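I opened the notebook to record what I looked up in this structure. The entries follow in the order I made them.

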Amino acid sequence: MGNIQKAKSHEIAIINKEEFIQKYEPVRMVMKYRHVNTIVKAIEEDSQALSFYVKTLGYDGVSALVELHLVALNQSVNVGQPLSKFQIKEIAVELLATYFYLSPVEINLVLRKIKRGDYGKLYGALNMPDLLSFFNMYAEERGQHFINESTKDKHNDHTLRSEERKVLERHEKIINKNQPPG
């Protein structure tokens, strides 16, 4: 454990813990991923989940990275009660346990959205329940994105059997009939 080997053209790239932390270090990410402002862009930039990095590089290195991002958040927002070292450690543990499927770029995106106030204003303090609720909001947005992507072509899906298509059309007529005129 400790290195990621990934094929790049005809070479093998080895990424160790130090390179991983350097690549995803908060200040570097601010500049490198400043164009990432949507779920789609975040996933396109880095599709590897935190769980992949934990399995490959070990828990401590990935946890340290998440903690660095939380420290950066702490320094970026002007609140009366910033996070303590213990809270930072505890939130990192919770993020890795609950949102293991997010990539480091997605973590960065969520924290940027928090700093901008996209999930609501920070009133006087940073705390674990608020931060985790912001990540939950992102997870719901992300889930909705994947639902929308998987169902956007349902009308053009020729794999539906004719009976299923008839039921779908009947349901849509009922739904449209019950909709108030726009």
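**Where two helices meet**

I looked up the contact between two helices and found that Glu106, Ile107, Leu109, Val110, Leu111, Lys113 and Ile114 in H7 meet Leu131, Phe134, Phe135, Tyr138, Glu141 and Arg142 in H8. Sorted by class, this contact of H7 with H8 has 9 nonpolar and 4 charged residues, and no polar ones. I noted that the model is a predicted one.

Next I checked the geometry of the pair. H7 covers residues 104-116 and H8 covers residues 128-151. They pack at an angle of about 120°, and their axes are 10 Å apart. The crossing of H7 past H8 is right-handed.

I then looked for Asn74 and found it in helix H5, which spans residues 59-76. Is Asn74 buried or exposed? Asn74 counts as buried because its relative accessibility is 15%, and the cut-off for buried is under 20%. Leaving out residues up to four places away in sequence, I listed what Asn74 touches: Pro82, Leu83, Ile88 and Leu126.

**The whole protein**

Last, I took down the overall values. I counted 9 helices and 2 strands in the protein. Along the sequence, the pattern reads β-β-α-α-α-α-α-α-α-α-α. The protein has 182 residues, and 35% of them count as buried. I wrote down an accessible surface of about 11700 Å², with 53% of it belonging to carbon and sulfur atoms. For contacts between residues at least 6 apart in sequence, I noted that 72% join residues at least 24 apart.

Terms used: Residues numbered from 1 in each chain as written. Predicted model: local features only at pLDDT ≥ 70, side-chain atom pairs only at ≥ 80, totals over all residues. Heavy atoms only, no water. Axes fitted to C-alpha atoms, helices over the stretch in contact; angles between N-to-C directions. Helix = DSSP H or I, 4+ residues; strand = E, 2+ residues; numbered from the N terminus. Left-handed = near helix turned anticlockwise from the far one by under 90°. Contact = heavy atoms within 4.5 Å. Nonpolar A, V, L, I, M, F, W, Y, C, P; charged D, E, K, R; others polar. Buried < 20%, exposed > 50% of the residue type's maximum accessible area, 1.4 Å probe, protein only. Areas by Shrake-Rupley, 256 points an atom, 1.4 Å probe, with all protein chains shown as cover.
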